[in-house]
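The sequence and model come next.

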Amino acid sequence: IQAIEMYYIGTSDIWNGATIFFQIDDLDRIHTGKVMLYNCNTGKRVKKPFPHINWMHKALQIEPFVLQQCLFGLHLIKVDNQKKTICLVESEKTALIMSMVFPNYLWMATGSKANLKQELLLPIKEYNIILYPDKNEFIDWNKKMKLLIESGFKMRCSRLLENIDIEIGGDLIDFILKDY
């Protein structure tokens, strides 16, 4: 409940039981909500017969709308007086769960592997950042990290998942749940 409240997780009737991951910036502005449906038995995203991903601005038919994404969990920096290390993952679900497993870090998500880019990371530039790319994405994220470091970011990229026996595209949650 604490994690759901901390990240302002919502539910949607677009699909019965769908989750809304709101993108809220460091000034408490809601950019949008990403709606995703998960299988309640496996915890995996429902991808068949089609990928169950939508956006609240589309579902509510808000026109005109210009999507300007921010990191999922970005709003947490406004209450972080200690400048905790930020752990950045791709999946919103992973950030949410990891915040419960390792609460001494601020967990945020890019929302897609392509969203590891400077304009989205600028609000966290002064933080120490650890990147946790999905399995098989280390080379890409590490290359992007090197460019971000040249721009003044303090970060490192974990290769933890590269040598672990999980599926390609798996993430920290798959690693934690591996033996279960």
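Is K113 buried, partly exposed or exposed? K113 is partly exposed, with a relative accessible area of 40%; buried means under 20% relative accessible area, exposed over 50%, and partly exposed in between (1.4 Å probe, protein chains only).

This is a predicted model, in which local features need pLDDT of at least 70 and side-chain atom pairs count only at pLDDT 80 or more, while totals for chains, interfaces and linings use all residues. Residues are numbered from 1 along each chain as its sequence is written, and side-chain values use heavy atoms, with hydrogens and water left out.

**Salt bridges**
- A salt bridge is a side-chain nitrogen of Lys or Arg within 4 Å of a carboxyl oxygen of Asp or Glu, and the model has 6 salt bridges by this rule.
- Among them is the pair D25 and R29, whose closest N and O atoms are 2.7 Å apart.
- D25 is buried at 2% relative accessible area, whereas R29 is partly exposed at 47%.

**Pairs linking separate parts of the chain**
- E92 and K34 form a salt bridge with 3.2 Å between the closest N and O atoms.
- E92 lies in helix α3 (residues 92-101) and K34 in strand β3 (residues 30-36), so this pair ties together parts 58 residues apart in sequence; helices (H or I, at least four residues) and strands (E, at least two) are DSSP runs, numbered from the N terminus.
- E92 is buried at 3% relative accessibility, and K34 is buried at 7%.
- E137 and K113 also meet in a salt bridge, at 3.2 Å from N to O.
- E137 sits in the loop between β7 (128-131) and α5 (138-150), and K113 in the loop between β6 (106-109) and α4 (118-121), 24 residues apart.
- E137 is buried, with a relative accessible area of 15%.
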